[in-house]
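Try each task before you read its solution.

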Amino acid sequence: MIYTVTFNPALDYVVFLDEMKLGDINRSKRESIFYGGKGINVSNVLNTLGRETTALGFVAGFTGKAIEEGVASLGIHADFIHLPEGNSRINVKVKHGDETEINGQGPVITEQAIDSLFAKLDTLVEGDILVLAGSIPNTLPEDIYERILARLENKGILFVVDATKDLLLNVLKYHPFLIKPNNHELGEMFHTVCKTKEDIEHYAKELQNMGARNVLISMAGDGAMLITEEGESFQIGTPKGKVVNSVGAGDSMVAGFIAGYLNNGSYEEALKFGTAAGSATAFSEDLTTYEMFSRMLEQLG
């Protein structure tokens with residue numbers, strides 16, 4: 001089973017404007033609501049690609065109920081922990097040529113709630129996949145990723161971690177199966193700028209030396225690179241299309257990689273599936289459909 005964890009789910013309220021006037025009334029052309037959070041996005045795309053998941057995380061209040069019902073309506077199995085106080089956050093994304101975001105704070109996550117999450121994670125068994133994605137709310141301890149991986153170490157679980165800076169660096173000692181920084185995040189972790197593909201490959205291998213098994217680096221329009229635990233290096237370009245959405249493309253790449261790898265254990269196919277899924281979402285207003293994914297996959301050959 002594949003499990004995803006979303007510490008701070010949200011209702012993403014997307015508003016489309018012709019123009020944005022600060023200090024004045026702005027009327028939208030249209031609006032959309034999505035059930036957000038990086039782990040939920042990964043579960044959503046995996047579901048689209050025919051892979052069952054269980055989405056874990058914390059929800060609260062009327063917005064939490066809406067998220068839970070919305071996730072269920074997408075066909076995703078969720079096992080959220082209900083917090084007694086507060087409301088799950090609403091993120092407002094204003095699109096008017098540029099994209100402006102106002103992200104809510106979210107509810108307080110208590111130590112008791114964390115213990116409830118640990119109890120659910122303790123049921124994972126050898127061969128399960130656990131996806132930890134994104135930042136953590138400031139009501140959680142900074143070492144929550146480390147605590148989770150330390151608790152589940154040596155159980156034969158495949159850890160997938162999509163995070164930045166110290167959140168990622170601090171879990172490498174637990175040998176995650178896959179990590180997915182982009183080229184800019186990779187440079188930031190080593191206090192440098194990756195100007196060439198040789199730079200990217202060098203620093204990706206440094207992350208392997210620190211404990212990562214497979215390192216997937218997204219490079220926007222330049223495609224992606226994968227350094228495998230078997231010492232192989234794969235590079236792939238991107239399909240043709242117009243980027244209209246920056247939300248969820250990285251999560252879609254993670255989901256596509258997992259789906260591709262589970263097909264037959266091929267890292268090359270995993271990279272192709274990940275790139276197709278990430279591109280398909282970037283070229284769509286929402287997360288990818290199966291049809292869009294298939295079109296991107298066909299372009300990649």
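**Exercise 1.** What angle does Gly97 take in the hairpin of β7 and β8?

Solution. Find the hairpin of β7 and β8, which has 1 residue between the strands. Gly97 takes a positive phi near 95° there. Strands are DSSP runs (E, at least two residues), numbered from the N terminus. Next, look at the pairing: β7 (residues 89-96) and β8 (residues 98-102) run antiparallel, with 5 bridges. Two strands pair if DSSP finds at least two bridges between them. Finally, locate Val92, which stands opposite Ile102 in β8.

A note on the model: it is predicted, so local features need pLDDT of at least 70, and side-chain atom pairs count only at pLDDT 80 or more, while totals for chains, interfaces and linings use all residues. Residues are numbered from 1 along each chain as its sequence is written, and side-chain values use heavy atoms, without hydrogens and water.

**Exercise 2.** Where is Tyr13 placed?

Solution. Tyr13 belongs to strand β2 (residues 10-16). Now check its cover: Tyr13 is partly exposed, with a relative accessible area of 32%. Partly exposed lies between buried (under 20%) and exposed (over 50%), using a 1.4 Å probe and protein chains only.

**Exercise 3.** Which element gives the largest share of the lining of the second largest pocket?

Solution. Start with the space: about 340 Å³ lies in this pocket. Of its 20 lining residues, the closest to the centre include Phe34 and Tyr35. Elements giving two or more residues are β2, β3 (30-36), α1 (38-48) and β7. The largest share, 5 residues, comes from β3. A pocket is an open set of points on a 1 Å grid where a 1.4 Å probe fits, with protein on both sides within 12 Å along at least five of seven lines; lining residues have an atom within 4 Å of a point.

Notes: Helix = DSSP H or I, 4+ residues; strand = E, 2+ residues; numbered from the N terminus. Points joined across faces, edges and corners; volume = space filled by probe spheres on them.
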